[in-house]
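Hi everyone, thanks for making time for this.

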Amino acid sequence: MTHRIAVIPGDGIGKEVMPEGVRALQAAAERFGIALELAPFDFASCDYYAEHGQMLPGDWFEILKEFDAIFYGAVGWPETVPDHVSLWGSLLQFRRRFDQYINLRPCRLLPGIKSPLANRQPGDIDFYVVRENTEGEYSSVGGRMFEGTEREVVIQETVMTRHGTDRVLKFAYELAQSRPRRKLTSATKSNGIAITMPWWDERVAEMGRHYPEVAVDQFHIDILTANFVMHPDWFDVVVASNLFGDILSDLGPACTGTIGVAPSANINPEGTFPSLFEPVHGSAPDIAGRGIANPIGQIWSAAMMLEHLGHQEASAAIVAAFEAVLAEGDEAVLTPDIGGRGTTETLGRAIAEQVLSE
Ligand code: ATP
Ligand code: MG
């Protein structure tokens, strides 16, 4: 069976890290005899917007729904297109229309990378953030009244549904159950947000009745962020609403030394629609065009994609390869964000060679 993958580099460093993501993917496919068909697309980028006045072609849904997965770089070039226009016109359309209701982000301190937290070693930070990805605080329900006058009123609602909440909780419990520690932490704020969040807590408790082996705790989002910094070793699987998950899944990778290595999966678990795999980082206009972006976030996303497509071994081989290259710590190979003087390409090539040589 051939897996069909849509490859969308997007903007800025997305265009630089994507070739390295593809290189690692092809190396793993070669070693494990996996048939891949990669189809590149130039849409969902600000260059495409400049030419067409929109981020996506009118028939994007029909085009992309035929693929088994979407491999994405990064979106955003605020100099030409405001961020909310480029983001809502591309990635957020994919997440919603393809019902990618799970945003899964591993936070793991890798060998050879220094955490900004004092005295943290690999093994101390190793958890997943499971973020609700289609509703909640990012539902875009609300409006402005009396705009520009003294009576101006602005309202934006949070929309949580039982269906939407239970399915992300179920995914998080299943993940926690599959891990050795079997621990789930829920992000809440039921003291301040007194309608939706107490209800979220009830759904967490209710779903937990089906998973008696999983130990559950909960923290208000404010102290939870503090504990990410003070006690990252406490966490195994963390489940959160869309907004809280967004915050936690930037903070988590930051605690592991560089945002440049962090991957993410936007998953439609039923497989009705393609899932999307992309690095956590954005298009990084500040370093774009210099060939120094760390490609590991893109490469690790390729590993998550292979796992999703059922290729556990190939996925593990990519992770083992970048861990080996990082542990070796050759400054001529590593990118500047992790203390090297190499380039996106030197690091990407070293990882792909390692995949083939193991
Ligand atoms: P977004 O809003 O699109 O998620 P952002 O604009 O908040 O992203 P990024 O584009 O991720 O932020 O950049 C944040 C910082 O991290 C920048 O200083 C950028 O140079 C750095 N950075 C991001 N990705 C990488 C990478 N792969 N390698 C090295 N540095 C990176
Ligand atoms: Mg940005």
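Let's begin at the ligand: the residues of the shell around ligand 1 divide into six nonpolar, seven polar and two charged. There are 15 residues around ligand 1, and those that come nearest are Gly260, His281, Gly282, Ala284 and Asn294. Please keep in mind that what you see is a predicted model.

Now let's step back to the whole chain. You can count 12 helices and 12 strands in it. Its C-alpha atoms fill a box of roughly 60 × 50 × 40 Å along the principal axes. How does the radius of gyration of the chain sit beside that of a compact globule? For 358 residues, a compact globule would come out near 21 Å, and the chain has 20 Å, which agrees.

Next, some helix packing. Two packed helices are described by the angle between their axes and the distance between the axes.

Take α1, residues 14–32, and α10, residues 296–308: they pack at an angle of about 40°, with axes 8 Å apart. That angle makes α1 oblique to α10. The crossing of this pair is right-handed. On the α1 side, the residues are Val17, Met18, Glu20, Gly21, Ala24, Leu25 and Ala28, and they meet Gly297, Gln298, Ile299, Ser301, Ala302 and Leu306 of α10. Sorted by class, this contact of α1 with α10 has eight nonpolar, four polar and one charged.

Stay with α10, please, and look at its packing with α11, residues 312–328. Here the angle is about 160° and the axes are 7 Å apart. So α10 is roughly antiparallel to α11. Which hand does the crossing of α10 and α11 have? It is left-handed. From α10 the contact draws on Ile296, Ile299, Trp300, Ala302, Ala303, Leu306 and Glu307, and from α11 on Gln312, Ala314, Ser315, Ile318, Val319 and Phe322. In this contact of α10 with α11 we find 10 nonpolar, two polar and one charged residues.

The axes of α6, residues 162–178, and α7, residues 196–208, come within 10 Å and cross at roughly 50°. This makes α6 oblique to α7. α6 passes α7 in a right-handed crossing. Thr165, Asp166, Leu169, Lys170 and Tyr173 of α6 make the contact with Trp200, Arg203, Val204, Met207 and Gly208 of α7. By class, the contact of α6 with α7 has five nonpolar, two polar and three charged residues.

Key: Residues are numbered from 1 along each chain as its sequence is written. Chains are lettered from A and ligands numbered from 1 in the order in which they are written. This is a predicted model: local features need pLDDT of at least 70, side-chain atom pairs count only at pLDDT 80 or more; totals for chains, interfaces and linings use all residues. Axes are lines fitted to C-alpha atoms, for helices over the stretch in contact, and angles run from 0 to 180 degrees between N-to-C directions. Helices (H or I, at least four residues) and strands (E, at least two) are DSSP runs, numbered from the N terminus. Angles under 35 degrees count as roughly parallel, over 145 as roughly antiparallel, 65 to 115 as roughly perpendicular and the rest as oblique. A crossing is left-handed if the near helix is turned anticlockwise from the far one by less than a right angle, and right-handed if clockwise. Two residues are in contact if their C-beta atoms, placed from the backbone, lie within 7 Å. Ala, Val, Leu, Ile, Met, Phe, Trp, Tyr, Cys and Pro count as nonpolar, Asp, Glu, Lys and Arg as charged, and the others, Gly among them, as polar. A residue is near a molecule or strand if its C-beta atom, placed from the backbone, lies within 6 Å of it. The radius of gyration is taken over C-alpha atoms; the globule rule is 2.2 Å times the number of residues to the power 0.38.
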